Amino acid sequence: SSGINAEWPLRPGILIRIFKYKLQEKRFINEPECDQLFPALDDLLDSCSKLYTQLKEHMEEEIDSPHSRHNIGSILIDNFSCNTEAGRCIRGAYARLGAKQLIAVKYYREKK
């Protein structure tokens, strides 16, 4: 066993339920407002799940062969570099989400 939790890719769904669906379910926020306050949440979930899968595969390769074809640095560069599609996607998603942070916090405080 590599010590990696095989259920982790399912856990980000919990974040979506907490930050999006639970807010809607409790009628704290409606769907259009939620999409405004938490843009790119699905893109982030997808990107993070792909990154996790790549890291998990790397760890499994390391166990099978200490001289695996990739190193963690290459995986991270591929996923966060502005020169790769994956990097542009995750950076853009974080930027869209972060751009709404102050608005989301203000909205949350006003609703309390």
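**A first look around**

Within the nonpolar patch, helix 4 (residues 72-80) brings the largest share, with three residues. Keep in mind that this is a predicted model, and that the chain averages a pLDDT of 77, with 76% of the residues scoring at least 70.

**The surface patch**
- The patch is made up of Met59, Ile72, Leu76, Phe80 and Tyr94, and together they have about 410 Å² of accessible area on the surface.

**The core**
- Nine residues form the largest nonpolar core: Leu23, Phe28, Ile29, Cys34, Leu37, Phe38, Leu41, Ala104 and Tyr107.
- At least two residues of this core come from each of helix 2 (31-37) and helix 6 (101-111).

- You'll find Tyr107 in helix 6, and with a relative accessible area of 17%, under the 20% cut-off, Tyr107 is buried.
- Beyond its neighbours within four places in sequence, Tyr107 is in contact with Phe28, Ile29, Glu33 and Leu37.
- Glu33 is 74 residues away from Tyr107 along the chain, yet their C-alpha atoms are separated by 9.8 Å.

**Where to be careful**
- Confidence in the chain is highest in helix 5 (residues 85-99), with a mean of 90, and lowest in helix 1 (residues 12-25), with a mean of 68.
- Over residues 1-9 pLDDT stays under 50, and the model has 13 contacts for them beyond four places in sequence.

Notes: Residues are numbered from 1 along each chain as its sequence is written. This is a predicted model: local features need pLDDT of at least 70, side-chain atom pairs count only at pLDDT 80 or more; totals for chains, interfaces and linings use all residues. Side-chain values use heavy atoms; hydrogens and water are left out. pLDDT is the predictor's confidence in each residue, from 0 to 100. Helices (H or I, at least four residues) and strands (E, at least two) are DSSP runs, numbered from the N terminus. Contact means heavy atoms within 4.5 Å. Patches are made of residues with over 30% relative accessible area and no salt bridge: like charges are joined within 9 Å, nonpolar side chains (Val, Leu, Ile, Met, Phe, Trp, Tyr) within 5 Å. Accessible areas come from the Shrake-Rupley method with a 1.4 Å probe; for residues, only the protein chains shown count as cover. A salt bridge is a side-chain nitrogen of Lys or Arg within 4 Å of a carboxyl oxygen of Asp or Glu. A nonpolar core is a set of buried Ala, Val, Leu, Ile, Met, Phe, Trp, Tyr and Cys residues joined through side-chain atoms within 4.5 Å. Buried means under 20% relative accessible area, exposed over 50%, partly exposed in between (1.4 Å probe, protein chains only).
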